[in-house]
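The exercises below concern nonpolar cores, cavities and pockets. Please examine the sequence and the structure before reading the solutions.

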Amino acid sequence: MTSRFFLENLLPATDDPMPESANQRPRLGDLLISRGLITQEQLDASLAASREAGTALGQVLVESGLVPAHAIAMALADQHGGPLKTEFGFATGGASHHSRSDSAGEAPAVPPVLRLAPTGGAAEPVTPPAVVEGESLRDEIEGLRAQNNAASAARVAAEQALETVRDELTGAIAAAAELRQQLAAERAKNDTAAMAAGTMSVEELRAVIELQEQALAAAAARERARDRDARLVAEPVSARTYSNDRHFLFAAGSEGYELFERSGPPPSPAERVELSSGREYRVVRVGPAPFPGAPEGCAYLELV
């Protein structure tokens with residue numbers, strides 16, 4: 001709870017100095033107007049509100065949002081002519097406004113003593129607003145930097161894991177194709193031997209021919225797929241074209257990385273995408289979908 005203070009030598013309604021000599025100090029309102037913080041109309045309205053409520057002008061200006069607290073503190077310090085600690089914070093002031101006597105040998109006027117007293121309880125230490133804001137901003141920057149580093153590391157790990165899965169799937173598909181070829185060759189050998197021995201019926205011979213035709217068609221399809229994969233490998237990622245019917249999104253979710261399917265062509269790199277969770281992501285790169293031979297593209301995202 002912030003302690004409230006009063007200035008012994010200031011008028012409570014306006015924060016103007018008590019008239020103690022012919023050399024008057026500048027009024028708080030005039031200082032604020034000269035600095036462009038308020039207008040004359042705002043000052044008049046605030047003075048009326050302070051007189052009606054019986055509170056200081058500085059408090060009315062701060063509570064109404066017209067002038068920040070630290071600006072009031074600096075103006076009061078300038079009005080006092082030196083460092084000053086008030087309920088609005090600690091301030092050193094810009095320059096002294098005390099007048100000096102032009103008479104020879106006459107000592108300069110001593111400013112009236114300003115006594116700061118809490119209205120109740122011990123005064124709490126006041127931390128300058130600039131220090132608090134600086135520390136908060138530094139902590140926020142450090143937190144954002146840590147989040148960015150973690151997201152970058154997770155993205156690299158996900159891409160490496162995806163490449164490993166793709167290699168494993170490619171190897172498994174190649175092994176299955178080789179096994180099918182071996183089985184087909186063994187069966188063709190047996191069928192050829194049966195045909196040579198003349199022990200195969202017409203229906204069995206027709207079935208063998210049909211199987212051979214299917215095997216030739218499958219071999220041709222594999223050859224076409226092999227040629228297509230070779231073109232994709234030789235072609236730069238940025239120049240590849242993907243299906244316009246649908247695409248996939250690869251992003252970090254609340255429980256790990258997730259793969260989303262959406263209709264239409266994939267988004268472009270640097271484009272922003274919002275998922276159903278309400279989080280906004282940025283497209284890092286666009287590549288093939290993590291399925292062997294899939295025509296769809298996949299956009300890899302990072303959290304904004």
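The model is predicted: local features need pLDDT of at least 70, side-chain atom pairs count only at pLDDT 80 or more, and totals for chains, interfaces and linings use all residues. Residues are numbered from 1 along each chain as its sequence is written, and side-chain values use heavy atoms, with hydrogens and water left out.

**Exercise 1.** Describe the largest nonpolar core and the elements that give residues to it.

*Solution.* Step 1: define the term. A nonpolar core is a set of buried Ala, Val, Leu, Ile, Met, Phe, Trp, Tyr and Cys residues joined through side-chain atoms within 4.5 Å; buried means under 20% relative accessible area with a 1.4 Å probe, protein chains only.

Step 1: the largest core has 17 residues, and Leu32, Leu61, Val67 and Ile72 have the most contacts inside it. Two or more residues come from each of helix H1 (28–34), helix H2 (40–53), helix H3 (57–63) and helix H4 (69–80), where helices are DSSP runs (H or I, at least four residues) numbered from the N terminus. H4 gives the most, six residues.

Step 2: take Leu61. Leaving aside neighbours within four places in sequence, Leu61 is in contact (heavy atoms within 4.5 Å) with Leu32, Ile38, Ser46, Leu66, Val67 and Ile72.

**Exercise 2.** Characterise the largest cavity by volume, lining and composition.

*Solution.* Step 1: on a 1 Å grid over the protein atoms alone, a cavity is a set of points where a 1.4 Å probe fits but cannot get out, and lining residues have an atom within 4 Å of a point. A volume is the space filled by probe spheres set on the points.

Step 1: there are two cavities of 30 Å³ or more, and the largest has a volume of about 50 Å³.

Step 2: Arg155, Ala158, Glu159, Phe250, Tyr257, Tyr300 and Leu301 form its lining. H5 supplies the largest share, three residues, and strand S9 (297–303) also gives two or more; strands are DSSP runs of E, at least two residues.

Step 3: the lining divides into five nonpolar, no polar and two charged residues.

**Exercise 3.** Which helices supply the lining of the second largest pocket?

*Solution.* Step 1: a pocket is an open set with protein on both sides within 12 Å along at least five of seven lines.

Step 1: the second largest pocket holds about 380 Å³ of space. Of its 17 lining residues, Arg180, Ala184, Leu211, Gln214 and Ala215 are the closest to its centre.

Step 2: helix H5 (129–197) and helix H6 (202–234) each supply at least two lining residues, and H6 gives the most, nine.

How values were computed: Buried means under 20% relative accessible area, exposed over 50%, partly exposed in between (1.4 Å probe, protein chains only). Ala, Val, Leu, Ile, Met, Phe, Trp, Tyr, Cys and Pro count as nonpolar, Asp, Glu, Lys and Arg as charged, and the others, Gly among them, as polar.
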